[in-house]
Amino acid sequence: MEAPLLHLALVGTPNSGKTSLFNALTGSRQKVANYPGVTVERKEGFFVTPLGRQVSLVDLPGTYSLRGRSPDEEITRDIVLGHASGEARPDLVLCVADATNLRLTIRLLLELKRTGRPLALVLNMFDIATRRGIAVDVARMSEALGVPVVTSIAVRKGGTADLLTLTDELSAQMQPLPAENGWRPLGVAELRATQREADRIIAESVSLPSRPDTWTARIDAVVLHPVAGLLVLGLILFVMFQAVFAWAKPVMELLSASFDTLGQFAHDTLPAGLLQSFLQNGVISGVGSVIVFLPQIIIIFLFILLLEDFGYMSRAAFLMDRIMGGAGLHGRAFIPLLSSFACAIPGIMATRVIDNRRDRLTTILIAPLMTCSARIPVYTLIISAFIPERQVWGFVNLQGLVMFGLYAAGIVSALGVSFLIKFFMLRDYAPAPFMLELPDYKMPRLKSIAIGIYSRAMMFLQRAGTTIFAMMVLIWFLASFPQPPLGATEPAIDFSLAAMLGKALAPLLAPVGFNWQIAMALVPGMAAREVAVAALGTVYAIEGGKEAAEAIGQVLATKWSLATALSLLAWYIFAPQCASTLAVIKRETGSWKWMAATFAYMLTLAYAASLVTYNVAVALGAG
Amino acid sequence: MTSKIDTRSQEHSEKRSPRHSGRHPQKHPEMPLGLARRGYTGVIQHLAADGAGSALSDVELESRLIELGFVEGAKVEVLHEGAVGRDPIAVRVDNVTIAVRRREAMAIIVA
């Protein structure tokens, strides 16, 4: 007889080692997605017990109680109580505790007991507890709590054997009708009472010669030092940046070249015509232009997961909290925003470390204002064509100064927008006070990190294969149809829908100094910002695409005024010229509304900035 | 706003929490943990969320503090202070380290 799938749920406080236990049990058999309609990551994995029972395991967001004060915690509460629509009510709730730090979890467990759900306590990281001289009388604790208790060492092979055996035992004796739910939100007095009860049970069953972790104290003495701490943070960021730009570069170039070769292969093999153009320019180069970001995404997540596993992330948030707080951002927004300098896509994905919905949303909305690497080709082209290479104030390179100014404008406007969001849009949302645990440092486990990177990479590739692919095909279509008449001498793109759009948009963009050629280049530039460079090359009939950037620059310098060039720079600081970013925002916020909001506000800023830049420049005689 | 708290915190710490205060925590006068300086050790006497000025409601703040282990009788030690305005602070509560802003820590009365 085939037993039905057994549903297990992992519940625990943040930092209880829930995720490493989840990874140990399920390995790579996991699915990472979002819960419908909310920005909360849903992780489900599968495994088989020693007796052959198929188990589905969900890793619920970490929480200190069932009160549900954030969307994440509400998910945890609703699933445990069986109120979540479309989610199976767990047959067994596994409450995971860090064995070195039992107080808060035992209190949570006492609260969980009131739900009447079948429950077991897993004392994770039991090896570390033993090493620190913490002795737990498991039988006594189990008796005092009235639930089964097992120990586990998630990071060691075979460390979950007891838990697997227990799962089999419990599933064999499972009642079809579980006890009534007696849970309701606890009042302050009840919270105190459960904490006292928890402390009493710990005093009875645990002997704590608990030497505080001296390593953690030693590392924190440097890492949380007001001066040294910021220097260490700066150093880590510097290495991270270097890695994202330098390490990723050869792989990205290789990927890019492979896609070019593949495209060329399609070009050479197929007869000239629509299918050839569709495969080469639509499918291969479209998907390729997104997949080249995969190395950067992997490297950023490697750093984020390493730092998180080690226990550093909450320290970085501690150091940056007041500095970010001035602009209405949470300390944890720091790393995602920083990642956005490479590319807003991994940056927005990295906002998952922010547990408060409001803070996360603000960070997602402003992340695209950080100057990403795709803007660099556009900036470089215009700067080298229009800004003279000379020294100002004796030692500063003017071109470099303009580049720096563009970066600074991005940062300042991001902080400004965050400030405005805080004041106008999300005012009613209770702000998250900064209260978080600084866990003891732990050696990151490679297997756990590898699984984490793998699941993020798969998510990204899946997206590249669906949403982003669809957008790329649309943009190719706009740039290719209708076909030029036979014998036409102008570039084919002049006859396309993109050109029509460009000409239609031109009157709208005339006040900011853009001609129809620029307006048209902005359309394929939606695929990725740097594609605009190639599009300008095409429209000004220069062969060679991106490689011929220098030649394009020389042509542009004769065709545009300085005011137009400056206006285009201002446009690129703000404009939402990236379909992939918009797609990721849609995905991560789970709503079209926020995607539209991002598009609208960035477009408004871009138009306003260009308008001001152009008119000021014309007034100063640069028209 | 917070800078006011910080200057007060310096005055308080000079008056009320001299170095090595941890040896006789029971002899200190009561004070909010939000005013304590690095190195301060004491025992939580009670929680007083109504005077803290946190953005959270009193009940919510008190609940969260309890959930993080700030209950009467717990031993606390201020381990670290943030770089800007000595805020937030990292507090050892029994055997857990919690980072909290001074504003919220004003609700924790220690001695």
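# Terms and cut-offs in a predicted model

Visitor: Why is Asp59(A) called buried?
Guide: The relative accessible area of Asp59(A) is 5%. Buried means under 20% relative accessible area, exposed means over 50%, and partly exposed is in between, with a 1.4 Å probe and protein chains only. Asp59(A) therefore belongs to the buried class.

Visitor: What makes Asp59(A) and Lys18(A) a salt bridge?
Guide: The N to O distance between the side chains of Asp59(A) and Lys18(A) is 2.8 Å. A salt bridge is a side-chain nitrogen of Lys or Arg within 4 Å of a carboxyl oxygen of Asp or Glu, so the pair meets the rule. Asp59(A) lies in strand β4 (residues 54–59) of chain A and Lys18(A) in helix α1 (residues 18–26), so the bridge ties together parts that are 41 residues apart in sequence. Helices (H or I, at least four residues) and strands (E, at least two) are DSSP runs, numbered from the N terminus. Lys18(A), at 8% relative accessibility, also counts as buried.

Visitor: What makes Arg131(A) and Asp127(A) a salt bridge?
Guide: Their closest N and O atoms are 3.9 Å apart, which is inside the limit for a salt bridge. Both residues lie in helix α4 (residues 126–131) of chain A, four residues apart, about one turn of the helix. Arg131(A) counts as exposed at 59% relative accessibility, whereas Asp127(A) counts as buried at 14%.

Visitor: Why is Glu197(A) called partly exposed?
Guide: Glu197(A) has a relative accessible area of 31%, so the value falls in the class between buried and exposed. Arg200(A), with 40%, is partly exposed as well. Glu197(A) forms a salt bridge with Arg200(A), the closest N and O atoms being 3.2 Å apart. Both lie in helix α7 of chain A, three residues apart.

Visitor: Is Gln195(A) buried or exposed?
Guide: Gln195(A) is at 0% relative accessibility and therefore counts as buried. This residue lies in helix α7 (residues 188–205) of chain A. Leaving aside residues up to four places away in sequence, Gln195(A) touches Arg103(A), Leu104(A), Arg107(A), Ile66(B) and Val71(B), where contact means heavy atoms within 4.5 Å.

Visitor: How many aromatic pairs does the search find?
Guide: Over all chains, the search finds three aromatic pairs. In one of them, the rings of Phe386(A) and Trp560(A) have their centres 6.2 Å apart and their planes at 10°. Rings of Phe, Tyr and Trp (its six-membered ring) pair if their centres lie within 6.5 Å, and planes under 30 degrees apart count as stacked, over 60 as edge-to-face and the rest as tilted. The pair is therefore stacked. Phe386(A) lies in helix α16 (residues 375–386) and Trp560(A) in the loop between α22 (549–559) and α23 (562–574), so the pair ties together parts that are 174 residues apart in sequence. Phe386(A) is buried at 13% relative accessibility, and Trp560(A) is buried at 6%.

Visitor: Why is the pair of Phe514(A) and Trp571(A) called edge-to-face?
Guide: The ring centres of Phe514(A) and Trp571(A) are 5.6 Å apart and the planes stand at 75°, so the pair is edge-to-face. Phe514(A) is in the loop between α19 (497–509) and α20 (516–522) of chain A and Trp571(A) is in helix α23, 57 residues apart. Phe514(A) is buried with 4% relative accessible area, and Trp571(A) with 6%.

How values were computed
Residues are numbered from 1 along each chain as its sequence is written. Chains are lettered from A and ligands numbered from 1 in the order in which they are written. This is a predicted model: local features need pLDDT of at least 70, side-chain atom pairs count only at pLDDT 80 or more; totals for chains, interfaces and linings use all residues. Side-chain values use heavy atoms; hydrogens and water are left out.
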